[in-house]
Amino acid sequence: MTRIGFIGLGNMGGPMAANLAGAGHTVQVFDLVAQNIERAIAAGCIAAGDAREAVTGCEVVISMLPAGEHVRDLWLSEGQDLLAALPVGALVIDCSTIDVDSARQVGEAARARGLRFIDAPVSGGVAGAAAGTLTFIVGGDGADFESAKPLLACMGQNLFHAGTLGAGQIAKMCNNMLLAIHMAGTAEALALGVKEGLDPAVLSTIMGKSSGNNWSLERYNPWPGVMENVPAARNYQGGFMTRLMVKDLGLAMALAEHGHSAVPMGALARNLFNLHAAQGQGGRDFSSIVELYLDKQDPA
């Protein structure tokens, strides 16, 4: 079994660390929120007093943080010098969804210290993290990806090597931009049909068996009462927050600007989700975007 340091125990990181502990690994954890650490302890993890203590003696360290600035601060802060606390040859796996430059900057710093590094953002949401069915999208050396696979398999079902360092972030941005586009489109189509008198469940079934079918419609339906065990069934709580979708779309737009790529539908999706967040909905699941298309007297 492997001794693993795990830093960042939020909605995604907490269940991921728990699954590693459940697979028999020794998991040393740290988070800035005491309640998150308490949940990890209950799941079989070992609490550390700070990030440096969490990585001490570990062969592998996994970080799961909100944004590039947090990842850079964790790994590159001169006062903390976390990379120096790891033995030569240790593997660093950053599962955060961040900008490509930050992933490459941290990865290059790790390699300069004789460490291995992969960027491995995930897809699958909170439910996938809890069930251990996440998709890992990995950038980095192929041999490092192979070394990481047994541990990633404790947390996910689909493991992809996207390419060199930073490629995992690029693929994740493309995926989430498409997710935002088809969620907004699904919400728009359902709202149109319902306003014209159709039953949302019947319309969903029809579109699900027709050319309009997509993941948002089939697996994550945004209309309340149509599907069980999705955020729409619980007032859009417990899923992928709108503000995180806005963040990811911002990363995609920055990537498009860097490469002079035309992304008009992605830009529109970002505007829609940004508007939704600005209306006080940033903490609710991104499928609540359906409410943008509803009159206030309509059910939601």
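**View 1. Helix 5 meets helix 8.** Val100, Ala103 and Arg104 in helix 5 touch Gln169, Ile170 and Met173 in helix 8. Contact here means heavy atoms within 4.5 Å. By class, this contact holds four nonpolar residues, one polar and one charged. Ala, Val, Leu, Ile, Met, Phe, Trp, Tyr, Cys and Pro count as nonpolar, Asp, Glu, Lys and Arg as charged, and the others, Gly among them, as polar. The model is predicted: local features need pLDDT of at least 70, side-chain atom pairs count only at pLDDT 80 or more, and totals for chains, interfaces and linings use all residues. Residues are numbered from 1 along each chain as its sequence is written, and side-chain values use heavy atoms, with hydrogens and water left out.

**View 2. How helix 5 and helix 8 are set.** Helix 5 spans residues 100-112, and its axis lies 8 Å from that of helix 8, at an angle of about 160°. Helix 5 is therefore roughly antiparallel to helix 8. Angles under 35 degrees count as roughly parallel, over 145 as roughly antiparallel, 65 to 115 as roughly perpendicular and the rest as oblique. Axes are lines fitted to C-alpha atoms, for helices over the stretch in contact, and angles run from 0 to 180 degrees between N-to-C directions. Helices (H or I, at least four residues) and strands (E, at least two) are DSSP runs, numbered from the N terminus.

**View 3. Helix 8 packs on helix 11.** Helix 8 (residues 167-195) and helix 11 (residues 242-259) have axes 9 Å apart, at an angle of about 120°. The two helices are therefore oblique to each other. On the helix 8 side, the residues in contact include Ile170, Met173, Asn176 and Ala180. Among their partners in helix 11 are Met245, Asp248, Leu249 and Leu255. The contact of helix 8 with helix 11 has eleven nonpolar, one polar and two charged residues.

**View 4. Phe136 and the largest nonpolar core.** The largest nonpolar core has 56 residues. Such a core is a set of buried Ala, Val, Leu, Ile, Met, Phe, Trp, Tyr and Cys residues joined through side-chain atoms within 4.5 Å. Phe136 is listed with Phe6, Met16, Ile62, Trp75, Ile93 and Cys95 as having the most contacts inside this core. Leaving aside neighbours within four places in sequence, Phe136 touches residues including Met16, Cys95, Pro121, Leu152 and Phe160.

**View 5. Gly156, a buried strand residue.** Gly156 lies in strand 9 (residues 156-163). Its relative accessible area is 6%, so Gly156 is buried. Buried means under 20% relative accessible area, exposed over 50%, partly exposed in between (1.4 Å probe, protein chains only). Not counting residues up to four places away in sequence, Gly156 touches Gly132, Thr133, Leu134 and Phe136.

**View 6. Thr2, ahead of strand 1.** Thr2 sits in the segment before strand 1 (3-7). With a relative accessible area of 18%, Thr2 is buried. Beyond neighbours within four places in sequence, Thr2 is in contact with His25, Thr26, Glu59, Val60 and Leu151.

**View 7. Two loop residues with positive phi.** His260 is in the loop between helix 11 and helix 12 (264-281). Phi of His260 is near 55°, a positive value in a residue other than glycine. At 75% relative accessibility, His260 is exposed. Asn235 is in the loop between helix 10 (215-219) and helix 11. Phi of Asn235 is also positive, near 55°.
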